[in-house]
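Dear colleague,

Please find the structure below, handed over for your records. My findings follow directly after it.

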Amino acid sequence: MTAGGLDSGFANLSEDAWHAFVADVAQRLSLREGDSVFEVGSGGGAFLYDLWRRGCVVSGVDRSPALVSLAAEVMPGADFAVADALAMPTRPRVDFVLSHGVFLYFPSHEYAGAVIEAMVAKARRAVALMDLPDAALREQAEAARAAAIGGAEAYARRYAGLEHRYYEREWVAERLVAAGLCDVVIVANETRGYGNAPFRFHAFGFVADDTRRPSFTD
Ligand SMILES: C[S@@+](CC[C@H](N)C(=O)[O-])C[C@H]1O[C@@H](n2cnc3c(N)ncnc32)[C@H](O)[C@@H]1O
């Protein structure tokens, strides 16, 4: 969690809240022991760790060699590689393809759209895009982040050139539907105690099967 910045001043997330969040996502996806899960931007593996402990087969890519080494060290047998998100392998397919706290770092919406297409191509059952900055709440998010480190000027000095990318909820839902997913749903990030949560959302979409038909709810 520390390696992924989840206990930093902005995030300030407790381990209990994090376990509860991962369990909630696992339940939403009907994730079970033995399922395969791939994460784009898997970092030090904070999100995948609880799934690995539940007996899921986890893998991921991240552009940071140090974080990939850390994830490989704490999850023996899992498959982590250093790669840019756009270069993620779409084969072999896995049950679930996830991303948490990563889309905010992408260089453009075009790039994000291409990553979504690759994620959908790799997924057999569902795709989860988590912790995306909400474009409708950009002003409030930036004010809160600036206030947390002593004002707008200090914030601008420290984070010049490192601006987050914000996403319209509708844009994300449309990309998932256009890529072929069903039952697409956008939900507010309600992770208890997480400082960024009020300004972030998650998107879930499912691969079509006999029981699922294309739809979108907000
Ligand atoms: C806040 S951390 C989240 C890590 C992990 N997903 C989690 O929730 O524990 C963001 C991660 O995204 C990775 N990242 C950012 N942009 C990326 C890109 N274009 N391709 C691959 N990884 C990227 C960073 O290296 C970092 O490990």
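On helix H5, Glu 139 and Ala 147 are exposed and sit on the face turned away from the buried side of the helix. Exposed here means over 50% relative accessible area, buried under 20%, and partly exposed in between, with a 1.4 Å probe and protein chains only. Helices (H or I, at least four residues) and strands (E, at least two) are DSSP runs, numbered from the N terminus.

The model is a predicted one, in which local features need pLDDT of at least 70 and side-chain atom pairs count only at pLDDT 80 or more, while totals for chains, interfaces and linings use all residues. Residues are numbered from 1 along each chain as its sequence is written, and side-chain values use heavy atoms, with hydrogens and water left out.

H5 spans residues 138-148, and its buried residues are Ala 141, Arg 145 and Ala 146. They lie on the same side of H5 because the arc they cover around the axis is only 130 degrees, the arc being that of the directions from the helix axis to the C-beta atoms. An α-helix has 3.6 residues a turn, so residues three or four places apart point the same way. The buried residues of H5 pack against helix H6 (152-159) and strand S7 (200-207), where contact means heavy atoms within 4.5 Å. After H5 comes Gly 150, with a positive phi near 95 degrees.

Two further residues deserve a note. Ser 59, in strand S2 (residues 57-62), has a relative accessible area of 13% and is therefore buried. Leaving aside residues up to four places away in sequence, Ser 59 touches Val 37, Phe 38, Glu 39, Leu 48, Asp 79 and Phe 80. Tyr 105 is placed in the loop between strand S4 (94-100) and helix H4 (109-122). Its relative accessibility is 52%, so Tyr 105 counts as exposed. The C-alpha atoms of Tyr 105 and Leu 162 are 8.2 Å apart, although 57 residues separate the two along the chain.

As to the whole protein, it has seven helices and eight strands. Its radius of gyration is 17 Å, close to the 17 Å that the globule rule gives for 218 residues, so the protein is as compact as a globular protein of that length. The radius is taken over C-alpha atoms, and the rule is 2.2 Å times the number of residues to the power 0.38. Of the 218 residues, 48% are buried.

Yours sincerely
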